[in-house]
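Open your viewer and get ready to click around. We'll go from stop to stop, with something to select at each one.

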Amino acid sequence: QVQLVESGGGLVQAGGSLRLSCAASGRTASRLYMGWFRQAPGKGREFVAGISRSGGTTYYADSVKGRFTISRDNAKNMVYLQMNSLNPEGTAVYYCAAKYNDFDIRRPNEYASWGQGTQVTVSL
């Protein structure tokens, strides 16, 4: 189907920025709705941001609006998450995910494919 690989995670100080990347293979990114989720220590997996197939529509969790930006480059089969003004609450494993429609985009079980996750740690 589609395989996803995240990269770009690491250690960053509070107030800093980080850009995550997701590379898709097996199917072209232009046919997929893409989302980013995160799972903090001891907590469930939560929706962060989503982007339509063309990139024309984006959606964000309230907790990251104004600070995070999701984007995509279909020619390169890539999806990105630019994270600015990071705080310790941003510490989590971040996952890239893909689905074949644009319904119920905040539900993890609606996504058909997942990456392996990339760790983001925000220090004080």
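What follows is a short tour, one selection at a time.

**Before you start.** This is a predicted model, where local features need pLDDT of at least 70, side-chain atom pairs count only at pLDDT 80 or more, and totals for chains, interfaces and linings use all residues. Residues are numbered from 1 along each chain as its sequence is written, and side-chain values use heavy atoms, with hydrogens and water left out.

**Stop 1: the disulfide.** Select Cys22 and Cys96, which are joined by a disulfide with an S to S distance of 2.1 Å. The term stands for a pair of cysteine sulfur atoms within 2.5 Å, and the structure holds 1 of them. Now colour the strands (DSSP runs of E, at least two residues, numbered from the N terminus). Cys22 sits in strand β3 (residues 18–25) and Cys96 in strand β9 (residues 92–99), so the pair links distant parts of the chain, 74 residues apart. Look along the S-S bond: its torsion is about -80°, so the disulfide is left-handed. Are these two cysteines buried or exposed? Cys22 is buried at 0% relative accessibility, and Cys96 is buried with 0% as well. Here buried means under 20% relative accessible area, exposed over 50%, and partly exposed in between, with a 1.4 Å probe and protein chains only.

**Stop 2: the cores.** Next, select Met34, Trp36, Leu81, Met83 and Tyr94. Of the 29 residues in the largest nonpolar core, these touch the most other members. A nonpolar core is a set of buried Ala, Val, Leu, Ile, Met, Phe, Trp, Tyr and Cys residues joined through side-chain atoms within 4.5 Å. Elements giving two or more residues to this core include β3, β4 (33–39), β8 (78–83) and β9. Then pick Phe37, Phe47, Ala97 and Ile105, which are among the 6 residues of a second, separate core.

**Stop 3: Tyr111.** Move to the loop between β9 and β10 (113–114), where Tyr111 is found. Tyr111 is buried, at 5% relative accessibility. Leaving aside residues up to four places away in sequence, Tyr111 touches several residues, including Phe37, Phe47, Ala97 and Ile105; contact means heavy atoms within 4.5 Å. Zoom in on Ile105: its backbone oxygen lies 2.7 Å from a polar atom of the Tyr111 side chain.

**Stop 4: an open sheet.** Show β1, β3, β8 and β7. These 4 strands form an open sheet in the order β1-β3-β8-β7, with antiparallel pairing; two strands pair if DSSP finds at least two bridges between them. β1 (3–7) and β7 stand at the edges with a single partner strand each, so one side of each has no neighbour in the sheet. Between β7 and β8 there are 6 bridges. Select Arg72 to find Val79 of β8 opposite.

**Stop 5: two loop residues.** Which residue in the loop between β7 and β8 comes next? Asn77 lies there, and its phi is near 55°, a positive value in a residue other than glycine. In the loop between β8 and β9, select Ser85. Ser85 is not a glycine either, yet has a positive phi of about 50°. Ser85 is partly exposed, with a relative accessible area of 43%.

**Last stop: Thr118.** Finish in strand β11 (residues 118–123), which holds Thr118. Thr118 counts as buried at 10% relative accessibility, and its side chain reaches the backbone nitrogen of Gly9 at 3.2 Å.

Terms used:
Polar contact = N/O pair within 3.5 Å; in protein donor to acceptor, adjacent residues only side chain to side chain.
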